Amino acid sequence: MIRYLAESQRWLRLAMLATGLVVALALPWLVYPPVAMDIAVWALFAVSVDLLLGYVGLLSFGHAAFWGAAAYTSGLVAIHTGAPYIVGVLAGAVAAAALAVPIGYLSVRRTGIYFAMVTLAFAQLLYFVANQWRDVTGGENGLQAVPRSLFGVDLSDPFYFYYAGLPIVLLGLAAAWRIVRSPFGRVLMAIRDNPARARALGYPVDRYKLLAFVLSATLAGLAGGLFAVNHGFVSLQEVYWPTSGKVVMMVVLGGIGTLWGPILGALLVVQLEDFLATSGFDGIGIVTGSVFIIVVVLFRRGLWGTTSHLISLWRDRRRPPSPRPPDVDEPSLARELEKA
Amino acid sequence: MRRTTTVAVAALSAGALVLTACGGRGGPASSGDTKISGDKIVLSVLNDQSGVYADLSGKNSVEAVKMAVDDFKAKHGDNAVTQNIEVITADHQNKPDIANTKAQELYDRQQADVILDVPTSSAALAVANVAKAKKKVYINVTAATTELSGAQCNKYTFHYAYDTYMLANGTGTTVTAEGAKNWYIVYPDYAFGQDMEKSFSTAIQGAGGTVIAKDPTPFPNDNFSTFLLKAPGLNPKPDVIGTMQAGGDLVNLVKQYNEFNLRDQGIKLSVGLMFITDIHSLGVDAFAGTTFTEAWYWNFDDQNRAFADKFKQRTGIVPTFAHAGNYSAALQYLEAIQRAGSDDADDVVAELEGHEFEDVFARNGKIRAEDHRMVHDAYLAEVKPASEASGDWDYEKIVRTIPADEAFRPVGQGGCTL
Amino acid sequence: MPDGTDAVVNFLQQCFNGLVSGSFYALLALGLAVIFGMLRVVNFAHGACYMLGAFGAYILLVEAGVDFWLALLLMPLLLGVFGMALERLFIHRLAALDPLYNFLLTFGVTLVLQDLVKREYGIQSQPYPRPSALSGSVDFGLFSYPAYQVFVLATSLVVCGAVWYVLTRTRVGMIVRASTERPELTRALGINVGRWVTPVFGFGIALAGLAGVLAAPMRAVNPLMGADLVIAVFAVVVIGGLGSIFGSVVAGFGVGLLQALANLYAPTLAQTLVFLLMAIVLLWRPAGLFGREEAPA
């Protein structure tokens, strides 16, 4: 998909973008509005994780720390200052970024799987802190009655709030897009593919990784802050590790390193959960876990990635294969996605 | 080539749209048209059907509510305000954000007139805010937080069955009054545990006892040896350990309490929050002699036993307080509609406020107008050893009845302004 | 209980408590480290396997009347077989890829296992009695301690010691260690590294199962008993050093000890202690206390 994107025409990208916008604008008509906003914020959250996973090669299994910290911050700002919701959401994003600096600094020293474990452990630390810090977070009861206001405009109907919150989500997605397509983004991908070479070329690899980590956390924070305002409360669930697992699942399901994939993954997972909640079906973990296993083992590119790979295979079947440079030794996520 | 790709991409998005449309019912909330036709009453049960509270309440609470509907119809016959009564349910999976969304959906999309049950304090409070915003009735049966009738109370929210104050006060006061003056309290270090500890300490001191020491424990935790081993060494030696742990932690603590033979050393065990399902899962003998406050017990008197039999025929299990509580809440709600002649939320609230009643769940029951706290007689229970049980699920011996006006937090102390 | 030596007695009792809970950390960290060493896979499902060990013991007792001692032998074997099957069927397929995929795979396995058990047995804790032979107390002079917990500590020390012995003194152990540290070189010497992968994975899972059976009589047996624990074990392994088996065991006992002491002297810190320690170790020695620095990547 990455290779594919690089050679695609501009108008095709515009077409995809247009389709995406249409879906985004029409969503609250098709889906229960609070769920529509949920899909949007989870999509941004998933994209933030994909930014790290697909483009830097770092699996953060503790991103709930940023989502949750931002949610609490946004909620507290809304409750204590009554400022327009945007202020709270931005404050949340700032809080997430601030939190990401020390965590990132300690985490990027390790790579690959180590990084995943360390981020998971830090998120767990935050969970216990949030639990203890009851005066601020409400502890087990959660932070309740988070208001939402915008200079007197009534936002209580979730249908209209969706349109108030959508621009924030779109901005975040656009930012992710820009980061990936910038020179900075290309360095990140170079680091992902061959860190030794990047270092040899003189790039301060750890600093780039840290910056990417902070940017990713900021986007997750933007999503989390909006989530808090949408639901009107924040609970410990938002900083608990299964939330980190859920967003990773969305990314894997949708397709690592595609940005569109995580959006699709978010849509599917949120809808699935909503459906299972009313259907009375008693095996949510089995379904999600099995789907996850199947995707990881058989469809590593995820839904979006597999689809576009199949399309490009079909498209290229008439063309002779172009010569490719020999693989360098270290396997990397992107290369594996393009192999087999 | 480009066209096929675009078509494929468009198809994918369309497919996604179709998928969402399958599940969704979108569009803006019909403004103004939220009044349900008086011809149909919809009772909804929002609870945990797959997690920690599934056994305590869960799907069987829906059955309990259906029993209430049947009994209501049977009692009023043709004079019932309507025969068209529906019971629906949703599973919030112990996740407050799902509870929040489902509550909105139940009120908006499924014309629910009332939401019942809702365990887990964070979910319970979230739904209270939804009820306030939607101006629809909400009767919480299984959450413990006193906030529902305290700082976060609102006109449309009622708190039924129990809360942390009732539990702590019941056990703390009664056990101290019965002779256990010196207490060592162990509590999990989070909102629920801290609340319970405060209430317990107040109750104990109010009854003339002393809290010798109190220790917060990590939550969750599986090794309570530190605390349990400390107990015999305290000076003066405590007569009883008060534990506020719940669920798996309680199980761990009780196992270890037995391991260290503290009962033989003269240190009894009182539990802040215990459900009959906990006793069942750990085994009676592990808990034998333990005291706790119970909201309702099936084997207390003939009326309870009759209800339990009917319930068991329907569901195969003996009812817990949650099931009986849901039955009662549904019944009282329907009776309030009957009296008001309408299911308009404000009318029903007016009928519920101040209402005094007796039913199978509530003895000396009253719904306080000041804070919407339903008060009733509570019971101090002691776990029987297996040898004394008269049958399946006969785990408890009711030692004392705590009258309704003593059992709950006095009006005005919770910070509720209605 | 003597009054004057209270503080000392409390301290000693606490140390003992710490070593007991450290036993579980150590056994689990050991299994995780062994698996990682051989396969470069971080097994998220380690907590679920621990849970299966405990639940298996419970099921064996209830369905087949198998007592604790037999379960202690049987469950690790069964889980070892389960582990080997898991490796052959799934883990093996992703072995050539970035280990993140296997990490994700084991995460999916965790969800499925936990939910399967929950569907069958509910989320409530199941009762599992202590074996009658160990139901008393052991008197250590200054204090007495439940016999079962002494047994747990002794068993885990013996098992960790045995694994250490096998790794350092036997041919099998040397092959495993060589495959861990220098896989290509080992292969070049003509040793078939591949055939040891599956048994070693199975062995790691068996260790988790053993920890589970040991836990059943003293902890709540429920489907989520391993869920939060595994994350603490990750932190333990990071502290010890992911590549170091010795480090994992030492860190396991150490963290257990420190956590128990924190419970006594600074309870608010106790929950977060393992993660704070991890943060400190990452600052001071990023490779872990006993780990070796990886090639900068």
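Strand S1 (residues 41-47) and strand S3 (residues 114-117) of chain B run in parallel and are joined by four bridges; strands here are DSSP runs of E with at least two residues, helices are runs of H or I with at least four, and both are numbered from the N terminus. Two strands are said to pair if DSSP finds at least two bridges between them. Within this pair, Leu43(B) has Val114(B) in S3(B) as its bridge partner.

Before I continue, please note that this is a predicted model, in which local features need pLDDT of at least 70 and side-chain atom pairs count only at pLDDT 80 or more, while totals for chains, interfaces and linings use all residues. Residues are numbered from 1 along each chain as its sequence is written, and chains are lettered from A and ligands numbered from 1 in the order in which they are written.

To which sheet do S1 and S3 of chain B belong? They belong to an open, parallel sheet of five strands, ordered S2-S1-S3-S4-S5. Strand S2 (85-91) and strand S5 (157-159) of chain B stand at its edges; each has a single partner strand, so one side of each lacks a neighbour in the sheet. From one strand to the next, the twist averages 20°. Helix H3 (residues 96-108) of chain B lies across S1, S2 and S3 of that chain, at about 175° to S1(B). Such angles run from 0 to 180 degrees between N-to-C directions, and axes are lines fitted to C-alpha atoms, for helices over the stretch in contact.

Chain B also holds an open sheet of three strands, S11-S12-S13, with antiparallel pairing. In strand S10 (residues 291-294) of chain B, Thr291(B) and Thr293(B) point one way, Phe292(B) and Glu294(B) point the other way, and all are buried. Buried means that 20 or more other C-beta atoms, placed from the backbone, lie within 10 Å of a residue's own; 12 or fewer means exposed, and in between is partly exposed. S10(B) pairs with strand S14 (residues 378-383) of chain B in the antiparallel sense over four bridges, and Thr291(B) stands opposite Glu382(B).

Let us turn to chain A. How are two packed helices described? By the angle between their axes and the distance between the axes. Helix H3 (residues 33-55) and helix H12 (residues 241-254) of chain A have axes that come within 9 Å and cross at roughly 75°. That makes H3(A) roughly perpendicular to H12(A), the term for 65 to 115 degrees; under 35 is roughly parallel, over 145 roughly antiparallel, and the rest oblique. Among the residues of H3(A) that meet H12(A) are Trp42(A) and Phe45(A). Contact means that C-beta atoms, placed from the backbone, lie within 7 Å.

Leaving aside residues up to four places away in sequence, Gly172(A) touches Leu44(A), Leu219(A), Leu222(A) and Ala223(A).

Finally, 37 residues of chain C are in contact with 41 residues of chain A. On the chain C side, H4(C) gives the largest share, 15 residues. That side divides into 28 nonpolar, five polar and four charged residues; Ala, Val, Leu, Ile, Met, Phe, Trp, Tyr, Cys and Pro count as nonpolar, Asp, Glu, Lys and Arg as charged, and the others, Gly among them, as polar.

Notes: Two residues are in contact if their C-beta atoms, placed from the backbone, lie within 7 Å.
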